[in-house]
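Let's take a walk through this protein together.

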Amino acid sequence: MHILSEQERIRREALNEMRNMGIDPYPAAAYDVSHAIKSLLHDFEEGVEVKLSGRLMSRRIMGKASFGELLDSSGRIQAYFNRDELCIGEDKTMYNTVFKKLLDIGDFIGIEGATFTTQTGEPSVMVKSLTVLGKALRPLPVVKKDEDGKVYDAFTDPELRYRMRYVDLVVNEGVKETFIARTRIIQSMREYFNNHGYLEVDTPVLQPIPGGAAARPFVTHHNALDIPLYLRIANELYLKRLIVGGFDGVYEFSRNFRNEGMDRTHNPEFTVMEIYVAYKDYHWMMAFTEQMLEKIALDLHGTTKVPFGDHEINFKAPFRRVTMLDAIKEHTGYDISEMDEPGIREVCRKLEVEVNETMGKGKLIDEIFGEKCEGHFIQPTFITDYPIEMSPLCKRHRDNPELTERFELMVNGTEIANAYTELNDPIDQRERFEEQVRLQERGDDEAMYIDQDFLRALEFGMPPTSGMGIGVDRLVMLLTGKTSIQEVLLFPQMRPEKWETGPDLNSFKALGVPEQWLEHLPAAGFTSKEELLEAKPTAVHQKLNGFRKKNKLDIPALLLEEVQAWYN
RNA sequence: GAUCUCGUAGCUCAGCUGGUAGAGCAGCACACUUUUAAUGUGCGGGUCCUGGGUUCGAGCCCCAGCGAGAUCACCA
């Protein structure tokens, strides 16, 4: 138990008083409402009998009448509490005591009454009946907004907002909308795939070999099997096994886990949608992807134009297509298409792109692209035909064996999707994995492991297939105008909070402190037995009785002799 | 992991050259029957992130730690 602040103590006292009055602050019965607030406001009419529920978010008390705001999941409405409307008879306790004294901002209440419009033109509810549905014991931050929509005292500290997302969702406008948008984006995507007849599947999160991507995995241990298991870094190799098994198209919203840095674009767990479709190639997949994004933008915003920062991004298909080598030529002036590794190294030096000895030709090209080109692609652009070294799961380009049939979709200067014509030649695949092992030995810690079962599956034959993965979190960021991944994850990873262990009331009890006093000692400034015994008995005696008087505690005052007895 | 910045009341923030901790909102009390960032009067509320150090004296200076943010590295 933490030490209660004054405001928390006052709310607990109100809670007890409600119980003493026979009001259950946490009633069990369902409270069926007549309207969601948003829909009530949407076609607002006067004189409609309504029953609403929600949190009390503000109160403006003026003697016998008060205004408050009720917040439900859909919106806010003003409620008018008039003493004589709420309390028809002589007994005015419901207004004078329950509403004015015992309710607080943040409490859940139900109201029944009739709609009307105030003199200032505000749609409101004249409250005839009030029900307490759930008392809040902690004060909610009060965020206020003036006529111009200017926000005061917003709850802004990112640490507190992410740790206490429940508070963030209640008091900060727009937070809920972001997460509703996230779900709608996912629904739109799922609908698109289902309409094409592709099957949503689930593949293992716990994997014996962390394959399908180059990343550092989380390791755990399975006791019964006594083996290490890895949290998946990708699901690609499993989905391709399903294509081997005969599905035409499979997709999965895959929570992936990577044991790497955390910042405003990286969370240890994140969501990627991956889809694999048989008998298709990456040209088909580009068209499929751009149409998907156009649909998502339309479903979410009703237009393909999405504002983001200073830009407006247009998801209208088709998107521009540029080969990686052309992109490099476009943004650096160097044509590296005919160059060998030393030649490209020289270009890196001239461009002041940082490289090291472990990097192969492909990696060098990727570095140039990442440093000099990536950031320039604001409007959706497909970058195609990547070097073979950095694409070990991708089929060789039909016209150039040094390249692969791969594209990445760049939007707003970052990659949001990645796709291949998948490699289905098992012998080539085995050699590519072995090349990865050589890179690993050279020091490239991003190189991949060899998944023998995956190779076996390919040896049974996989139809030509195209696969695409899209970062769901980043897509949501783009479509909601957020610049940090923490804003689109309900519960982003944070360092665990340190909790006060709390005062040890039992140790006070052992000293002989009366039962009724135990809970008040920490509030009065004594959090441990040691702390108490360090002070003089006379000081303790005065401090505790002073606390009793100040807080009007309904317990007997302590005698000095009683306090002295604790010291023996 | 590195560098920089920040951590003060429930929330948002001031706090001078080191000299007894402040404001607004929220809370409590009183007044007020159509307000809307309601208003007026009064009153409470603090481990100044934690632990050391310097000093007669530390919210402020120094050291260490914890947490967060920004930049970078790695990654998507």
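The tour below goes from helices to a strand, then to a pocket and some loops.

This is a predicted model, in which local features need pLDDT of at least 70, side-chain atom pairs count only at pLDDT 80 or more, and totals for chains, interfaces and linings use all residues. Residues are numbered from 1 along each chain as its sequence is written, chains are lettered from A and ligands numbered from 1 in the order in which they are written, and side-chain values use heavy atoms, with hydrogens and water left out.

Start with helix α1, residues 6–20. Helices (H or I, at least four residues) and strands (E, at least two) are DSSP runs, numbered from the N terminus. The 15 residues of α1 reach 21 Å from first C-alpha to last, close to the expected 21 Å; the expected span of a helix is 1.5 Å times one less than its number of residues. Glu-8, Arg-9, Arg-11, Ala-14, Leu-15 and Met-18 of α1 are buried (buried means under 20% relative accessible area, exposed over 50%, and partly exposed in between, with a 1.4 Å probe and protein chains only). After α1 comes Gly-22, which has a positive phi, near 85°.

Now compare helix α9, residues 282–301. How far apart are its end C-alpha atoms? They are 28 Å apart, and this agrees with the span of 28 Å that its 20 residues should have at 1.5 Å a residue. At the start of α9, look for Asp-281, where a side-chain oxygen comes to within 3.2 Å of the backbone nitrogen of His-283. Gly-302 follows α9, and its phi is positive, near 75°.

Next, find Asn-82 in strand β3, residues 76–82. Is Asn-82 buried or exposed? Asn-82 counts as buried because its relative accessible area is 19%. Its side chain makes a polar contact of 3.1 Å with the side chain of Tyr-80 (a pair of N or O atoms within 3.5 Å; within protein, one must be able to donate a hydrogen and the other to accept it, and residues adjacent in sequence count only if both atoms are side-chain atoms). Setting aside residues up to four places away in sequence, Asn-82 touches Lys-64, Ala-65 and Tyr-95, where contact means heavy atoms within 4.5 Å.

Strand β3 also brings us to the second largest pocket, as one of the elements that give two or more residues to its lining. Of the 33 lining residues, Glu-69, Leu-71, Arg-76, Lys-145 and Glu-173 lie nearest the centre of this pocket. Helix α6 (165–171) is another of the contributing elements.

Leu-169 is found in α6. Its relative accessibility is 25%, so Leu-169 counts as partly exposed. Beyond its neighbours within four places in sequence, Leu-169 is in contact with Val-175, Lys-176, Phe-179 and Leu-490. From Leu-169 to Ile-296 is 127 residues in sequence and 24 Å in space, C-alpha to C-alpha.

Finally, visit the loops. Asp-153, between β7 (151–152) and α5 (158–163), has a positive phi of about 50° although it is not a glycine. Asp-153 counts as exposed because its relative accessibility is 64%. Glu-352 sits in the loop between α11 (341–351) and α12 (361–373); this residue is not a glycine, yet its phi is positive, about 60°. With 71% relative accessibility, Glu-352 counts as exposed. Pro-318 lies in the loop between β15 (311–314) and β16 (320–323), and the peptide bond leading from Ala-317 to Pro-318 is cis, with omega near 0°.

Note on methods:
On a 1 Å grid over the protein atoms alone, a cavity is a set of points where a 1.4 Å probe fits but cannot get out, and a pocket is an open set with protein on both sides within 12 Å along at least five of seven lines; lining residues have an atom within 4 Å of a point.
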